Amino acid sequence: MRGAAPIALALFAGPAAAAEGFETCFSQSIAHFEMGFARTGVAETIEDYALVTRDRVHHCGSLAIAACDRGQAPQACQRALAADQRALTARVLASLPAPVEVPASGLLPGLYPQLWDVAHGISAGDDCAGADEPVSAWCDTHEARLKLTEAVALWQVARLMGVAGAAVDLGWVSDAMPFQPVPRPEEEVS
């Protein structure tokens, strides 16, 4: 897990490294999806949609929150992280076509429009209302992380439908950090 080292270091480096650690982890989560997409391409079966997941991005957000918690100003760090995640969510959503521009999929015709509505929706109310500052900062960051995971899931579905490009091409991730295969030991020649 060579990618885990920078993230683990960010956990102990404090809030200054939280954003960098999140960016690294986020890029790796996008790269993981792209590796799966490289194998399947545009979805031809419902099973191809098993690639869609919010888990990796959610985990990256959890690591970044934990990095903030270990710093000198955890609430300020979390508020900045939440702002960064909201800005990233806006970039992801702006890069995707509206449902009216997307031909209905024969496999899951209502999936993209439904995910579009979820990703563009707002909470039924302020889940963080009345909380003291530490809980309010965490809650704000948690909500931003959830909205980002919804936006990424929408992009994953659009990618599988063939109506969205790679994140790097769309401009909301600078490097998809392709994973390098683990070198195999050379076979001994007799």
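The following legends describe close-up views of a predicted model.

**View 1. The largest nonpolar core of the predicted model.** This core consists of 39 residues. Those with the most contacts inside the core are Phe 22, Phe 26, Ile 30, Leu 96, Tyr 112, Trp 155 and Trp 172. Five helices are listed as giving two or more residues to the core: α2 (15–40), α3 (55–69), α4 (74–94), α5 (111–120) and α6 (133–161). The greatest contribution comes from α6, which supplies 9 residues. In soluble globular proteins, nonpolar side chains tend to be buried together.

**View 2. The surroundings of Phe 26.** Phe 26 is among the residues with the most contacts inside the largest nonpolar core. When its neighbours within four places in sequence are left aside, Phe 26 is in contact with Val 57, Cys 60, Leu 88, Leu 148, Val 152, Trp 172 and Val 173. One of these partners, Cys 60, also takes part in the disulfide of the next view.

**View 3. The disulfide between Cys 25 and Cys 60.** The structure holds 2 disulfides, and one of them joins Cys 25 to Cys 60, with the sulfur atoms 2.1 Å apart. This pair links distant parts of the chain, as Cys 25 belongs to helix α2 and Cys 60 to helix α3, 35 residues apart. The torsion about the S-S bond of Cys 25 and Cys 60 is about -80°, and the disulfide is therefore left-handed. Both cysteines, Cys 25 and Cys 60, are buried.

**View 4. The disulfide between Cys 68 and Cys 77.** Here the sulfur atoms of Cys 68 and Cys 77 are joined in a disulfide, with an S to S distance of 2.1 Å. Because the torsion about the S-S bond of Cys 68 and Cys 77 is about -60°, this disulfide is left-handed. Cys 68 and Cys 77 are both buried.

**View 5. The packing of α3 against α4.** Two packed helices are described by the angle between their axes and the distance between the axes. For α3 and α4, the axes come within 8 Å and cross at roughly 155°. The angle is over 145 degrees, the cut-off for this description, so α3 is roughly antiparallel to α4. The crossing of α3 past α4 is right-handed. On the α3 side, the residues that meet α4 are Gly 61, Ala 64, Ile 65, Cys 68 and Asp 69. Their counterparts in α4 are Pro 74, Cys 77, Gln 78, Leu 81 and Gln 85.

Technical notes: Residues are numbered from 1 along each chain as its sequence is written. This is a predicted model: local features need pLDDT of at least 70, side-chain atom pairs count only at pLDDT 80 or more; totals for chains, interfaces and linings use all residues. Side-chain values use heavy atoms; hydrogens and water are left out. A nonpolar core is a set of buried Ala, Val, Leu, Ile, Met, Phe, Trp, Tyr and Cys residues joined through side-chain atoms within 4.5 Å. Buried means under 20% relative accessible area, exposed over 50%, partly exposed in between (1.4 Å probe, protein chains only). Helices (H or I, at least four residues) and strands (E, at least two) are DSSP runs, numbered from the N terminus. Contact means heavy atoms within 4.5 Å. A disulfide is a pair of cysteine sulfur atoms within 2.5 Å. Axes are lines fitted to C-alpha atoms, for helices over the stretch in contact, and angles run from 0 to 180 degrees between N-to-C directions. Angles under 35 degrees count as roughly parallel, over 145 as roughly antiparallel, 65 to 115 as roughly perpendicular and the rest as oblique. A crossing is left-handed if the near helix is turned anticlockwise from the far one by less than a right angle, and right-handed if clockwise.
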